[in-house]
Amino acid sequence: MQIYLPIAEVSVNAFLLLGLGGIVGILSGMFGVGGGFLMTPLLFFIGIPPVVAVATEANQIVASSFSGVLAHFRRRTVDIKMGMVLQVGGLIGAALGVVVFNYLKSLGQVDLLVTLCYVVFLGVVGTLMFIESLNAIFKSKRSGGARAPRRQRGWIHALPFKMRFRTSGLYISVIPPILVGVAVGILAAIMGVGGGFIMVPAMIYILGMPTKVVVGTSLFQIILVTAFTTMLHATTNYTVDIVLAVLLLIGGVIGAQIGTRIGVYLKAEQLRILLALMVILVCVKLGLDLLLMPSELYSLGAEGGH
Amino acid sequence: MIRSFALSLALACVASFASPTQAGEEEVVLGLSQDRVAITANFDGDEILIFGAVKRETPIPDGDPLQVIVAVSGPESAVNVRRKEKRLGIWVNTDSVLVDSAPSFYAIATSAPFGQVISDTEDLRYRVSIARAIRSVGAAMHIRGAQDFAEAVVRIRENEGLYSLRENTVAVDQQTLFRSAIEMPADLTEGEYTARILLTRGGKVVSSLETGIDVRKVGLERFLYALSREQPFIYGLMSLAIAIAAGWGASAAFRLLRNN
């Protein structure tokens, strides 16, 4: 069944969109990532104009994250206090990110920089997570499931403005979470994603949060940041396609529910290694696009646009 | 299909247009199956039937047979064409050329192979062929192979099905009646499209006629498009509200399923 998208001005198969939404939704529920880093390139691939894809994706992430976070709320695996602190940073970051994005746009080559951003961040994050979770799996096998004690006695504990995060079982300064939020917010605005794939490892490795609350908390903070981004795109670029969003989010919210339930049956290390593999896969794909000779050297754009 | 047929019937504008008399004695009288295309939510392309007759006071002239060209073109706009080159091991956009004007859609149907229907000079004058329909006067001279950029526009849009030349698809009967069907793809942009009919003999244009086809979004498509432009804040809030409602709905539905 073909559907004509009013803003994107292309006609696409409705079931294809539902399916894409569903698959990305499952991953989103399992790993606590918005799925934007997967969905946005997929939308480019099926012929949605990039500006519409990025803006609409933000709206769809709101839906799948909201659906996912409700399931986590019931299991009490959301650290609301930590989420709030991260959001404060996230909004500052998103605003900064828009400024940076517009600056890069004025220089031209914004597409290239966005792709490079993707390759570098996905590559680094994916590789680090992969190595770490592989180590964790080996360790748990050797020592019969006993977990290595967390080494969180470094500089983070020397910082002022300490706050108690009961759900995470942490007593740390608010400065690192706010900085993490800012960094993710900047990336979210530049790369057009929720930033979960950066947020999740940052919460585990920098803040030392337990994996089981990380997913819910990440989803929780992604909602506000992507809602903010959606409004920004809708009011400045008019590029949010509501029909596209609805199709994607119908698949997405159902997928997220299934994903959250699959996630329960997997061990934290397994979950992390799967996410790492997926991140590396997307990174390799984007990297190859830069390195291999494209089949079409020319590309068309509107006047003044990119 | 049925819907499309009904639509063509409903809109069957038997409006005929008399062409301004040109030097010759032959004139086009034209009918369209529809003079507008409505883009609805499940729009998946359309077919416009273009038919007509040649009006003449004198007997059919001897010599070269009558040939017909039908060209439908979409609204024109400037296109920024970029070329990738390998720099430091990766492919990046380097040169760009602004093609001043290129139609968003361009379909030509002819009654014989293009070269036989119209001569090169007439093509230049009437801008009929796809390459001639694109204008790039301002192409920067310092860029190597500036012509390649205009060719790239044609190639890319041909691959997307937006530009097409279909020879031998206009049926001409008794040198008097002609008809052709132009396929409109699903990925149409809005705007005022024009249909041009050229009658030629021996490669020379003897008569031409132009008429408009209105391509518009209707119903829900129109409403959403207008809302996003005129009330972007409300549109944004509506998008978010739908997202939140869908997220909550799915969560609630799954909880019900699990409890049962």
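In this predicted model, 46 residues of chain B are in contact with 47 residues of chain A, contact meaning that C-beta atoms placed from the backbone lie within 7 Å. Two or more residues on this side of chain B come from each of strands E6 (76-87) and E7 (90-103) and helices H5 (146-159), H6 (219-230) and H7 (232-259); helices (H or I, at least four residues) and strands (E, at least two) are DSSP runs numbered from the N terminus. H7(B) supplies the largest share, 15 residues. The table gives the make-up of this side by class.

| Class (members) | Residues of chain B touching chain A |
|---|---|
| Nonpolar (Ala, Val, Leu, Ile, Met, Phe, Trp, Tyr, Cys, Pro) | 28 residues |
| Polar (the others, Gly among them) | 10 residues |

B:Val72 stands opposite B:Ala195 in E12(B).

Beyond its neighbours within four places in sequence, B:Val70 is in contact with residues including B:Ile50, B:Ala109, B:Ala195 and B:Ile197.

Residues are numbered from 1 along each chain as its sequence is written, and chains are lettered from A and ligands numbered from 1 in the order written. Local features need pLDDT of at least 70 and side-chain atom pairs count only at pLDDT 80 or more, whereas totals for chains, interfaces and linings use all residues.

Conventions: Two residues are in contact if their C-beta atoms, placed from the backbone, lie within 7 Å. Two strands pair if DSSP finds at least two bridges between them.
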